Amino acid sequence: DLTDLVSYSANRRRYRRELEAATPPCVPYLGVFLTDLTFLEQGNPATVEVAAPCGGPPRQLVNWSKHQAYARVLEDVRFY
């Protein structure tokens, strides 16, 4: 049933499973990927504070894991 497929329950789990099982090329619903990117942006800081070696002041570094998560989402879009 289409209603079940696009349901918001469990972060569109059924849709994501069906998309993973699909054989490319296909046209995925981009709203799912845009939602993922929005939550990554809003839910993760741009920088992280890291303790400096030898007891110096903490340093602000780019949150590399946030950018890796962006790359995973974009790779999923590119795959299809």
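Mentor: Let us begin with a residue in a loop. Please note that this is a predicted model. Arginine 12 is buried, with a relative accessible area of 13%.

Trainee: Where does arginine 12 lie?

Mentor: Arginine 12 belongs to the loop between helix 1 and helix 2. Asparagine 11 is placed in the loop between helix 1 (2-5) and helix 2 as well. Asparagine 11 is partly exposed, at a relative accessible area of 48%.

Trainee: Which residues are joined by a cis peptide bond?

Mentor: Proline 24 and proline 25 are joined in this way, with omega at about 5°. Proline 25 is located in the loop between helix 2 (13-21) and helix 3.

Trainee: How does one judge the length of a helix, taking helix 3 as the case?

Mentor: One compares its span with an expected value. Helix 3 has 14 residues, and the distance from its first C-alpha to its last is 20 Å, close to the 20 Å expected at 1.5 Å a residue.

Trainee: Which residues of helix 3 are buried, and what covers them?

Mentor: An α-helix has 3.6 residues a turn, so residues three or four places apart point the same way. In helix 3 the buried residues are Gly31, Val32, Phe33, Asp36 and Leu40. Their cover includes helix 2 and helix 4.

Trainee: At what angle do helix 3 and helix 4 pack?

Mentor: The angle between helix 3 (residues 30-43) and helix 4 (residues 64-79) is about 175°, and their axes are 10 Å apart. Helix 3 is therefore roughly antiparallel to helix 4, since an angle over 145 degrees counts as such. Helix 3 contributes Leu30, Phe33, Asp36, Leu37, Leu40 and Glu41 to the contact, while helix 4 contributes Lys66, Ala69, Tyr70, Val73, Leu74, Asp76 and Val77. Sorted by class, this contact has nine nonpolar residues, four charged ones and no polar ones.

Trainee: What does leucine 40 touch?

Mentor: Leaving aside residues up to four places away in sequence, leucine 40 touches Lys66, Ala69, Tyr70 and Val73.

Trainee: Which residues make up the largest nonpolar core?

Mentor: In soluble globular proteins, nonpolar side chains tend to be buried together. In this model the largest nonpolar core has nine residues: Tyr15, Leu19, Val32, Phe33, Leu40, Ala69, Tyr70, Val73 and Tyr80. At least two residues of this core come from each of helix 2, helix 3 and helix 4.

Trainee: How far apart in space are glutamate 20 and tyrosine 80?

Mentor: Sequence separation and spatial distance should be read side by side. Glutamate 20 and tyrosine 80 are 60 residues apart in sequence, and their C-alpha atoms are 9.7 Å apart in space. Glutamate 20 is part of helix 2. With 65% relative accessibility, glutamate 20 counts as exposed, because the cut-off for exposed is over 50%.

Trainee: In which helix is leucine 5, and which residues does it touch?

Mentor: Leucine 5 is in helix 1. Apart from residues up to four places away in sequence, leucine 5 touches Arg14, Tyr15 and Glu18. Leucine 5 is partly exposed, having a relative accessible area of 22%. Leucine 5 and aspartate 36 are 31 residues apart along the chain, with 18 Å between their C-alpha atoms.

Note on methods: Residues are numbered from 1 along each chain as its sequence is written. This is a predicted model: local features need pLDDT of at least 70, side-chain atom pairs count only at pLDDT 80 or more; totals for chains, interfaces and linings use all residues. Side-chain values use heavy atoms; hydrogens and water are left out. Axes are lines fitted to C-alpha atoms, for helices over the stretch in contact, and angles run from 0 to 180 degrees between N-to-C directions. Helices (H or I, at least four residues) and strands (E, at least two) are DSSP runs, numbered from the N terminus. Angles under 35 degrees count as roughly parallel, over 145 as roughly antiparallel, 65 to 115 as roughly perpendicular and the rest as oblique. Contact means heavy atoms within 4.5 Å. Ala, Val, Leu, Ile, Met, Phe, Trp, Tyr, Cys and Pro count as nonpolar, Asp, Glu, Lys and Arg as charged, and the others, Gly among them, as polar. Buried means under 20% relative accessible area, exposed over 50%, partly exposed in between (1.4 Å probe, protein chains only). The expected span of a helix is 1.5 Å times one less than its number of residues. A nonpolar core is a set of buried Ala, Val, Leu, Ile, Met, Phe, Trp, Tyr and Cys residues joined through side-chain atoms within 4.5 Å.
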